[in-house]
Each structure stands twice: as structure tokens, then as C-alpha cells.
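Please read the briefing below alongside the sequence and the coordinates. The points are grouped by topic.

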Amino acid sequence: MTLPALEYYRPQTLKEGLTLLKEQAGKVRPLAGGTDLLNNMKVGLNPAEVLVDLTGIETLSVIECSVDKQIIAGGTATIWNLIHQPEVKKSLTALYQAGIGVGAVQHQQMGTLGGNLCQDTRCWFYNQTRHWRKSHPLCYKTGGDQCLVMKKSERCHAAYCSDLAPALIAYGATIKLSSLESERIIPLAEFYTGEGKTPTNIKPGEIISEITIPQSAWKTKSAYIKLRSRKSIDFPQAGVAVVVSEEGGLVMDVSLALTALESGPVLAKGIGEIFRGLKTEDLDAGKISALAQECAAIAIKNVLPVANMSYRPSYRRQMVGVLIEETLKKIFVQ
Amino acid sequence: MSSNKKVIVLNVNNQEYEVLVKPQETLLEVLRETVGLTGTKSGCNEGSCGACTVLVENKPTLACSTLAIAAEGKEIMTIEGLAGEDGKLHPVQQSFVENGAIQCGFCTPGMVLSAKSLLDRNSKPNEEEIKEALGGNLCRCTGYAKIIKAVQIAAIVK
């Protein structure tokens with residue numbers, strides 16, 4: 001499998017890069033780490049005639065990370081560099097655990113934050129060679145008019161599998177989307193459409209230029225657990241990020257976000273109400289188990305995993321409660 | 001569409017190679033087929049096995065998932081560049097040889113470079129840290145136990 005013929009540009013400034021993305025609109029994609037894009041292109045997915053390599057733009061890879069201040073990371077900052085900032089492992093545990101779960105060391109060192117958040121959705125029927133895909137009709141994602149998994153559905157159900165997204169969403173992160181004409185800042189949770197063919201609302205010519213984690217994240221306790229076949233390389237079959245804020249021995253708020261169970265990350269609503277006002281000292285393993293089941297009942301209502309990856313949808317749904325319980329135990333008990 | 005070849009200079013193992021490449025050629029393809037350094041292996045060619053691991057600016061990098069043109073101007077180390085100029089093996093290489101960490105040898109170049117990178121940033125890794133560092137390098141032969149032991153011993157010797 002080789003890459004198709006293409007033109008390559010490596011701008012040195014953001015303006016240069018955004019200009020190229022506008023001028024080449026319709027045939028261009030931004031390139032950063034390349035671990036997702038290039039391997040998709042080898043099998044005829046994510047076509048592009050022009051690649052604009054953003055890693056030459058130094059300002060896009062900068063990370064500002066000081067304890068008790070908001071963290072601002074550029075879109076091409078690597079996953080490795082962010083999670084290995086001092087104090088991140090101890091204080092932003094969900095972010096660290098999500099980051100070390102991305103692929104393996106090579107993917108973390110090559111892969112970028114923007115690339116990870118903008119990664120394409122995945123499906124058994126999609127992530128295959130051209131030769132394999134010829135044996136099936138086209139699906140929504142490849143230009144057809146059906147989902148090959150959910151035959152009666154009117155939308156694509158390809159799964160979104162970023163590990164970083166649920167952790168960042170649970171912290172309340174925002175992203176800056178920059179194009180030549182404008183900038184917009186939105187909560188990361190609002191970046192995703194929930195639909196598999198076009199999983200984000202990124203506009204042509206836009207890139208994620210910044211990711212901001214609010215200052216409040218430093219005061220939280222958090223965890224991320226990923227369900228996967230092996231301890232490295234694999235995408236998640238399901239993933240849960242939980243972020244808890246406490247004060248005076250009481251739980252003030254809990255955010256819970258899921259990945260790999262839908263066509264976008266899902267921030268479960270109403271989780272905070274279950275925990276608010278509980279004394280942290282009362283949260284033993286038994287109580288956590290019961291609370292986890294309550295959370296899972298809410299979370300499962302918001303997701304519809306389908307048979308487009310290794311583990312059965314029913315198993316992945318069942319594991320949501322287990323993953324939630326394990327993350328809560330990591331936060332409150334261990 | 002024209003092939004649009006470009007002349008680039010790749011710094012590989014402290015030597016400069018002026019090569020004519022197509023923009024779509026991966027670093028793996030150019031290292032093996034143009035530069036002629038075949039120590040870096042093509043396994044899955046989709047970023048999932050680690051056989052193509054090289055060090056780019058000292059970072060473990062999947063050469064199959066990197067454009068050669070994007071690697072211009074960066075220091076690249078392949079397995080051929082690890083031993084000393086006098087041919088003396090790097091401690092990681094020596095340990096792999098002495099501790100039975102090589103069977104067919106196909107994963108070995110990538111595995112050794114990932115291990116070398118680990119020891120450069122963490123001179124005394126525990127077993128879990130070794131497993132995490134080598135998690136992106138698959139081996140179908142050894143079952144990993146002797147590879148891990150070889151890295152542990154290399155850490156002591158180094």
C-alpha cells in the first residue's frame with residue numbers, strides 16, 4: 001500500500017499555513033503527526049492531492065503549563081509533550097492516563113493534540129483496503145446511501161475513538177479553531193456532531209490552533225480507563241473519563257465523558273446531581289459500586305454502540321458500568 | 001497529475017544523503033529503497049507493529065507513517081547507525097545478542113531503537129516502564145520475556 005501522488009507544503013507561519021489551506025480548498029488536508037491520516041490515505045480513504053504539514057509552524061507546538069494556571073497547548077503540540085509536563089501525571093490524571101493509552105510511545109511522540117481530536121471515525125467496513133471494500137456496497141462514509149452495520153439507519157455509525165477527547169471534555173476544555181478569515185473558541189464538547197461521516201463541525205480551511213484546559217482542572221481528581229484488547233496500540237472499544245471536584249470533604253461536581261461508543265465523545269448529563277453534596281469519606285467500594293450503576297444507567301441511554309469493531313456492542317455497553325466503577329475507585333478509594 | 005519529485009537532503013546516522021523523492025514516499029520507502037539502508041523493516045506498513053521504528057531527533061518514530069520529505073533537516077538514526085564507528089555494538093544490541101532476545105530478528109531493529117530511546121530518557125527503568133516503552137513494537141517469536149530481560153541487563157551495563 002503506497003500513498004497516492006500528492007503535493008507537499010511545509011509552511012513556517014500560521015498565516016502561511018492557513019493561506020495554503022484556503023488556496024488549495026477542496027483538495028487539501030492538514031498534516032501533523034500523520035499516524036491517522038497517512039495510513040488512511042494508503043487505503044484510499046481521506047483523499048487529498050495536497051498536504052500542508054503544520055509541524056513546521058513552531059508557534060503551533062508550544063505548551064504553556066504551570067500549576068494552578070490554565071493550560072494552553074498548540075494544535076500540533078505532541079501528546080507526549082503535554083502529558084509529560086511536570087505535575088500533569090499527578091494532578092491531571094485523566095489526561096495522563098488518556099495520553100499514555102494512545103497507541104504506543106511512537107504514536108504519542110508523533111501524534112498531536114489537534115490530530116488526535118480531529119481523527120477520523122472508524123468502522124470495520126471503512127478501515128479496509130480498496131480491494132476489500134469493493135466487495136461491499138458503498139456506505140454513507142464512502143459516498144453511498146446506507147450504513148452497512150445499521151441497515152435501516154439514516155446516518156453513519158462509525159465510531160469516534162479518541163482517548164484524549166473524553167478526558168479533555170470532562171475537564172471542560174475549549175478549543176480555538178483558526179482559519180485565514182476568523183477564529184472561534186468553543187467548548188470541545190460542542191466540536192462534535194455525533195454523526196460518523198462528518199464527526200466534527202470543523203470548517204474547510206480551519207485547524208485546531210489551541211486547546212485550553214481551565215485552571216480549575218488542577219484542583220480536580222480524575223481518572224480515565226480504556227477498554228482495549230491489548231495494553232498498547234489498540235484503539236479503545238470503550239473509554240470513560242471522570243473528573244471530580246471536591247471542597248471541604250464534599251463532592252461539588254462530577255463530569256463523566258465516554259468515547260468509542262458513539263460517533264463522537266459523549267458527555268453524560270446529570271452525573272453531577274448523583275454525587276453533589278456526598279461526603280468523600282463515605283465513598284467506600286460498596287457505595288461507589290452502587291453509584292457507578294446509577295451513572296451507567298444514565299450514560300448508556302446516550303450511546304448506541306454498534307457492531308463495527310472487535311468487541312460486541314452488548315459487551316461494550318455492559319462494560320460501561322465496570323469502567324465507571326473502576327474510574328471512581330481510582331479517584332475515591334485508591 | 002505529475003509526480004513532482006524533489007531533491008531533499010536526509011541526515012541519516014550522521015551522514016547526509018541527497019536523494020530524489022516523490023512527496024508521497026514514506027521515510028521507510030526512501031530509507032530502504034533509495035538510501036539503501038534495509039535494516040529498518042516494513043511490517044504492517046500501517047503504524048501498528050513498530051517494525052519500522054527509527055529515531056527522528058531522538059524520538060521513536062514510525063517510518064511507515066512519516067513522509068520522507070517531512071524528515072528533511074532532522075537527525076535520523078536507523079539501526080545501522082547504532083553501533084560505534086569501530087563496529088562495537090551498543091549495550092542494548094550486545095544485550096539482545098547475549099540474552100537470546102533475537103529469534104527471526106525482524107522486530108529487532110525497531111525493538112532495539114525503542115529500547116535505546118527508553119534508556120536515554122530513563123536509565124533505570126522498571127519492568128513496567130520497559131513494557132510500556134516497547135509496547136509499540138510487536139514480536140511474533142520470542143514472547144517478549146527475553147527482550148525485557150535484555151533491556152534490564154543493558155540498563156545495568158550501560
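Helix 2 of chain B passes helix 3 of chain B in a right-handed crossing, where a crossing is called right-handed if the near helix is turned clockwise from the far one by less than a right angle, and left-handed if anticlockwise. Helices here are DSSP runs of H or I with at least four residues, strands are runs of E with at least two, and both are numbered from the N terminus. This is a predicted model, in which local features need pLDDT of at least 70 and side-chain atom pairs count only at pLDDT 80 or more, whereas totals for chains, interfaces and linings use all residues. Residues are numbered from 1 along each chain as its sequence is written, and chains are lettered from A and ligands numbered from 1 in the order in which they are written.

**Helix packing in chain B**

- The axes of helix 2 (residues 91-98) of chain B and helix 3 (residues 108-121) of chain B come within 9 Å and cross at roughly 130°, the axes being lines fitted to C-alpha atoms over the stretch in contact and the angles running from 0 to 180 degrees between N-to-C directions.
- That angle makes helix 2 of chain B oblique to helix 3 of chain B, since angles under 35 degrees count as roughly parallel, over 145 as roughly antiparallel, 65 to 115 as roughly perpendicular and the rest as oblique.
- The contact is made by V92(B), Q93(B) and F96(B) of helix 2 of chain B together with T108(B), V112(B), A115(B), K116(B) and L119(B) of helix 3 of chain B, two residues being in contact if their C-beta atoms, placed from the backbone, lie within 7 Å.
- By class, the residues of this contact between helix 2 and helix 3 of chain B divide into 5 nonpolar, 2 polar and 1 charged, with Ala, Val, Leu, Ile, Met, Phe, Trp, Tyr, Cys and Pro counted as nonpolar, Asp, Glu, Lys and Arg as charged, and the others, Gly among them, as polar.
- Helix 2 of chain B also packs with helix 5 (residues 145-157) of chain B, at an angle of about 135° and with the axes 8 Å apart, and these two helices are therefore oblique to each other.
- Helix 2 of chain B passes helix 5 of chain B in a right-handed crossing, and the contact is made by P91(B), V92(B), S95(B) and F96(B) of helix 2 of chain B and by A150(B), V151(B), I153(B), A154(B) and V157(B) of helix 5 of chain B.
- The contact of helix 2 with helix 5 of chain B has 8 nonpolar, 1 polar and no charged residues.

**Overall form and domains of chain B**

- Chain B has 5 helices and 5 strands, which run β-β-α-β-β-β-α-α-α-α from the N terminus on.

**Chain A**

- Chain A has 12 helices and 12 strands, and its radius of gyration of 20 Å is close to the 20 Å that the globule rule gives for 334 residues, so chain A is as compact as a globular protein of that length.
- Chain A is divided into domain 1 (1-58) and domain 2 (62-118 + 159-332), whose C-alpha centres lie 27 Å apart.
- 15 residues of domain 1 of chain A are in contact with 15 residues of domain 2 of chain A, and helix 1 (residues 14-23) of chain A gives the most to the domain 1 side, with 5 residues.
- Helix 11 (residues 285-301) and helix 12 (residues 313-332) of chain A pack at an angle of about 135°, with their axes 8 Å apart, and their crossing is right-handed.

**Interface between the chains**

- 24 residues of chain A are in contact with 26 residues of chain B, and the largest share of the chain A side, 5 residues, comes from helix 6 of chain A.
- By class, the side of chain A that touches chain B has 11 nonpolar, 8 polar and 5 charged residues.

Terms used:
Domains from an automatic or database assignment. Rg over C-alpha atoms; globule rule 2.2 N^0.38 Å.
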